[in-house]
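This briefing goes through the model by topic, beginning with the division into domains and ending with local detail. The sequence and structure come first, and the notes follow.

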Protein chains: 2
Amino acid sequence: MKHTHYVTAAALLGAAVAAIPAHGDSRARDLQRAATAHYEAQYRSILDEYAQLVEIPNHASDRTGIERNLAELERMLARRGFRTQRLEAPEASPALYGELERAASRPTLVFYAHYDGQPVGTSGWKTPPFEPTLDRNGTQSPLRGALAAMPRVPEDAWRIYGRSTADDKAPIIAMLAALDALRGRGEPLAVNLKVFLEGEEEIGSPHLARIVREHADLLTADLLLFADGPRHQSGRPQVVLGVRGVQSAQITLFGPARALHSGHYGSWAVNPAARLGDLLASLRAPDGRVKIAGFYEAVDQKLADRGVVADESLERELLKELRLSRRENVDQPLARTVAWPSLNIVGLKSGDTGPAARNAIPVEATANLDFRLVPRQTPGGVQQQLQNHLTMLGYRVVGTREAAEAAPDRDRLALVQWDRAGYSGARFTEDAPPVRALIDLMRELHGGELVVAPILGGSLPLALFAENSPVSAVVVLPIANYDNNQHAPNENLTLGSLRYGIGTFAAILGGWRVTADD
Amino acid sequence: MKHTHYVTAAALLGAAVAAIPAHGDSRARDLQRAATAHYEAQYRSILDEYAQLVEIPNHASDRTGIERNLAELERMLARRGFRTQRLEAPEASPALYGELERAASRPTLVFYAHYDGQPVGTSGWKTPPFEPTLDRNGTQSPLRGALAAMPRVPEDAWRIYGRSTADDKAPIIAMLAALDALRGRGEPLAVNLKVFLEGEEEIGSPHLARIVREHADLLTADLLLFADGPRHQSGRPQVVLGVRGVQSAQITLFGPARALHSGHYGSWAVNPAARLGDLLASLRAPDGRVKIAGFYEAVDQKLADRGVVADESLERELLKELRLSRRENVDQPLARTVAWPSLNIVGLKSGDTGPAARNAIPVEATANLDFRLVPRQTPGGVQQQLQNHLTMLGYRVVGTREAAEAAPDRDRLALVQWDRAGYSGARFTEDAPPVRALIDLMRELHGGELVVAPILGGSLPLALFAENSPVSAVVVLPIANYDNNQHAPNENLTLGSLRYGIGTFAAILGGWRVTADD
């Protein structure tokens with residue numbers, strides 16, 4: 001069958017995947033259609049529940065917000081008959097575990113999502129990040145007010161703006177609506193459903209290993225379904241079989257103990273901003289290649305390049321949309337770039353810029369770095385490599401602000417503050433029967449439209465599950481539009497993505513079956 | 001005579017120059033002593049007038065603050081019998097000109113100071129910048145309240161904190177108090193006194209050339225006395241015969257049109273923060289040497305090195321105080337560093353750092369640069385050199401934010417925003433009779449303690465006077481303590497500096513005499 005609905009990224013901005021064709025009849029497709037009908041009938045109450053969840057601030061450091069999220073999620077799960085349990089660790093923002101009644105005859109699925117979100121940052125939001133806002137092709141209004149006055153089913157291209165609208169509250173809402181849709185039609189579930197809602201994913205899952213280890217028994221399952229990340233840039237449905245790991249750091253270099261007039265003392269007193277420029281240039285080649293010694297040593301090149309499929313025309317569309325004439329390394333397509341480890345600079349600060357700029361040598365200069373890791377690269381290994389790099393450049397490295405303040409000599413002093421958490425990358429095989437069954441089901445729904453990607457560039461703590469629990473089969477199934485501004489200001493979800501999520505999850509919950517000879 | 005009062009920088013923190021010995025009797029020393037006595041009797045009213053002036057915000061872009069400063073200065077000058085006149089230009093913060101009655105028999109002195117100040121920046125102040133605060137060896141209280149309760153003459157080591165306490169409102173107050181001291185004793189002035197108070201020095205004097213040119217007749221004089229800058233780091237009295245010029249710029253490089261998830265798109269989409277690191281590393285060697293082609297071409301090496309006297313033990317003390325084990329270029333003493341042109345990075349900003357940091361590729365990255373120029377180096381020349389440098393690196397350069405926003409391609413796009421103003425360095429000979437007379441008078445006051453420096457590292461718009469008016473003889477006479485935190489948070493003046501300024505200016509106004517064969 002010819003797939004006439006293949007469209008480019010630019011054409012798909014927000015158009016989502018509502019137009020995916022049905023490939024004849026099957027139980028999965030039937031359930032998908034039923035769930036879509038449920039969405040079209042119940043969009044007001046679905047979006048109302050969504051708004052209620054998005055309105056609650058959810059950075060992992062915000063204890064009040066985290067508690068309110070937990071209470072709201074517990075109510076939402078309890079309403080659907082889940083028994084819930086908070087999985088705690090000292091200082092941790094708890095994970096919320098829930099399960100429905102089990103039957104031995106059914107395979108077991110753990111549904112993972114996270115309810116915490118990225119910081120909102122200091123600027124750039126066009127709408128308040130915790131006041132979900134509906135955008136109807138450019139016209140914006142508060143979602144709740146708009147709902148009351150909404151005469152018809154929302155268009156798929158409309159968007160809802162707000163922190164975590166996509167990452168990662170959308171899958172939670174979609175999964176619960178899918179469950180409601182199945183029950184509304186009296187459809188039995190094909191699976192024993194467990195949910196695992198993490199509360200610290202966006203700060204690097206610092207307590208996840210411990211929580212998973214201590215509650216490994218709860219996680220006995222045939223498959224871990226990771227509902228996070230964006231769909232493919234083409235807008236096509238996507239499943240992903242691996243992720244990169246992550247380790248973030250903040251590096252601060254020092255100048256004189258007090259800011260000095262740049263005329264009287266410039267080029268005499270060490271300039272920490274200039275030093276930082278030199279350091280950054282030493283870490284990374286202009287094409288993005290990491291220059292830290294040993295950085296690529298642990299990479300299994302064959303694994304990294306396995307399954308990589310470049311789509312140059314899609315990339316051209318993406319670059320155009322981003323107003324960039326070329327990618328950082330012109331020879332490296334996106335699909336391959338994200339299969340290799342990377343280092344990126346995500347923040348810089350020294351002195352002041354703009355109208356507040358003063359002609360003074362700053363006292364310090366800071367850069368925030370983000371390492372993305374592949375399997376066999378460990379956070380500890382990368383930390384050691386950066387430490388060696390700084391030592392080679394003549395820096396003395398300290399790990400706390402207090403140690404830096406106490407140092408008698410600020411020359412060649414580097415304060416390196418590692419993110420509390422980090423984890424390796426992880427990749428899973430598509431040969432395991434539960435994985436194969438899920439891919440088959442997705443193919444049944446979407447035919448050749450489906451993208452089966454070997455790895456996601458972003459990081460999800462898959463390695464922490466694989467290393468600390470019985471989980472051995474994992475599929476990442478993203479529902480959000482690729483242009484959701486994840487981690488950035490103006491995060492959003494297209495309504496077509498929500499519709500897609502509800503239909504897809506309903507088909508899985510009602511239709512996923514694993515046979516040993518699959 | 002042996003000068004027993006030479007002390008190191010560290011020992012002199014705030015101790016100022018009150019202990020300078022008197023070298024026998026002379027009219028100049030007599031007037032200096034009389035003015036010091038005036039200060040000791042009238043410190044309450046002098047500091048009250050000072051507080052009143054420092055309380056008024058004075059960034060050149062603050063039209064309300066500038067108008068209030070002008071009105072206050074006009075009142076202060078009128079009280080002393082000056083005829084005043086605002087020297088205006090379109091969009092300019094006016095200069096204030098004032099003169100006393102002239103007599104043909106006396107030489108004429110133009111006293112220059114500026115009443116505008118640096119921005120206060122976004123952080124770092126321990127006391128409110130426009131609420132002058134008295135620090136009595138560590139105990140701080142609002143200056144005005146402290147004055148009422150002050151039982152005795154303030155100690156020389158005490159400090160007054162606030163923006164422009166030193167740079168450059170202190171000389172204005174000291175000059176007026178000196179005038180009051182002379183008049184209180186019935187001493188005739190030895191000079192025709194003109195004052196020129198600039199309102200845009202800290203933004204690079206963008207309209208000064210025009211104002212000076214249009215009012216050149218007012219500036220007919222034997223000497224321009226530039227009362228700005230800090231005293232020598234040793235705490236010794238200092239006169240300076242030249243300054244570096246200045247040209248500031250802000251450079252912004254661009255990444256994707258919207259912030260992108262650093263996992264999904266890092267090392268694929270251009271990272272502007274990494275690009276900025278590369279650019280900074282290309283501009284400046286680790287030892288501070290500027291790598292822009294042609295940057296040193298206009299430098300007259302013989303002139304640059306003329307009169308340079310290094311003081312290594314003083315530098316060691318200074319470095320220790322700044323908690324730096326060595327200077328940027330270990331082979332280059334401070335006195336020589338400031339006689340050559342320089343480039344410094346004074347600000348950096350991209351994405352967010354600290355708790356607000358997000359794992360996202362920033363949309364842009366900004367650096368603020370500060371060029372210091374020597375004679376024959378022009379702002380236009382340096383602008384062209386930086387433009388050439390960026391072009392060589394493959395950047396397309398635009399000059400306005402609008403042009404950058406309109407650019408279809410953000411790759412290798414550089415927005416360079418030059419400060420509205422800039423000027424060349426300038427150096428004057430000490431052989432001109434009016435200059436020689438002033439140095440002689442200062443030697444009479446201070447003997448071998450006096451430092452005659454060939455050049456100040458900081459910038460003052462001397463070149464704009466030299467190029468646009470009859471002024472040909474200039475001496476810079478700073479009164480502020482060297483550690484006044486000029487241009488930085490917590491700017492301050494030691495009270496010993498104020499006492500020094502009043503005594504020195506009284507000696508000059510009452511005792512300066514120029515003879516042709518000087």
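In this predicted model, chain A is divided into domain 1, which takes in 27–241 + 428–511, and domain 2, which takes in 245–299 + 341–422. The C-alpha centres of domain 1 of chain A and domain 2 of chain A lie 36 Å apart.

**Contact between the domains of chain A**

- Where domain 1 of chain A meets domain 2 of chain A, 7 residues of domain 1 are in contact with 8 residues of domain 2.
- The side of domain 1 of chain A that touches domain 2 of chain A is made up of 3 nonpolar and 4 polar residues, with no charged residue among them.

**Contact between chains A and B**

- Chain A gives 79 residues to the contact, and chain B likewise gives 79 residues.
- On the side of chain A that touches chain B, the elements giving two or more residues include the strands β10 (242–254), β12 (342–351) and β14 (364–373) of chain A, together with the helices α6 (272–283) and α9 (334–337) of chain A.
- Of these elements, β12(A) supplies the largest share of that side, with 9 residues.
- Sorted by class, the side of chain A that touches chain B holds 32 nonpolar, 31 polar and 16 charged residues.

**Symmetry of the two copies**

- Chain A is superposed on chain B by a rotation of 180° with 0.1 Å of shift along its axis, at an RMSD of 0.1 Å.
- This is the relation of a two-fold axis.
- The residue of chain A that comes closest to the rotation axis is Gly277(A), whose C-alpha is at 2.0 Å.
- The same surface serves both copies, in that 100% of the contact residues of chain A recur in chain B.

**The four-stranded sheet in chain A**

- In chain A, an open sheet of 4 strands has the order β5-β4-β6-β21, and its pairing is antiparallel.
- Its edge strands are β5 (139–142) and β21 (492–494) of chain A, each of which pairs on one side only, and the twist averages 25° from one strand to the next.
- Strand β4 (residues 133–136) of chain A pairs with β5(A) in the antiparallel sense over 4 bridges, and here Asp135(A) has Gln140(A) of β5(A) as its bridge partner.

**The four-stranded sheet in chain B**

- In chain B, 4 strands form an open sheet in the order β5-β4-β6-β21, again with antiparallel pairing.
- The edges are formed by β5 (139–142) and β21 (492–494) of chain B, each pairing on one side only, while the twist averages 25° from one strand to the next.
- Strand β4 (residues 133–136) of chain B and strand β6 (residues 159–161) of chain B pair in the antiparallel sense over 3 bridges, with Asp135(B) standing opposite Arg159(B) in β6(B).

**Helix α8 of chain B**

- Within helix α8 (residues 312–321) of chain B, the residues Leu314(B), Glu317(B), Leu318(B) and Leu319(B) are buried.
- An α-helix has 3.6 residues a turn, so residues three or four places apart point the same way.
- After α8(B) comes Arg323(B), whose phi is positive, near 60°.

Methods
Residues are numbered from 1 along each chain as its sequence is written. Chains are lettered from A and ligands numbered from 1 in the order in which they are written. This is a predicted model: local features need pLDDT of at least 70, side-chain atom pairs count only at pLDDT 80 or more; totals for chains, interfaces and linings use all residues. Two strands pair if DSSP finds at least two bridges between them. Axes are lines fitted to C-alpha atoms, for helices over the stretch in contact, and angles run from 0 to 180 degrees between N-to-C directions. Two residues are in contact if their C-beta atoms, placed from the backbone, lie within 7 Å. Ala, Val, Leu, Ile, Met, Phe, Trp, Tyr, Cys and Pro count as nonpolar, Asp, Glu, Lys and Arg as charged, and the others, Gly among them, as polar. Domain bounds come from an automatic or database domain assignment. Copies are superposed by least squares on the C-alpha atoms of residues with pLDDT of at least 70 in both. A residue is buried if 20 or more other C-beta atoms lie within 10 Å of its own, exposed if 12 or fewer, and partly exposed in between; C-beta atoms are placed from the backbone.
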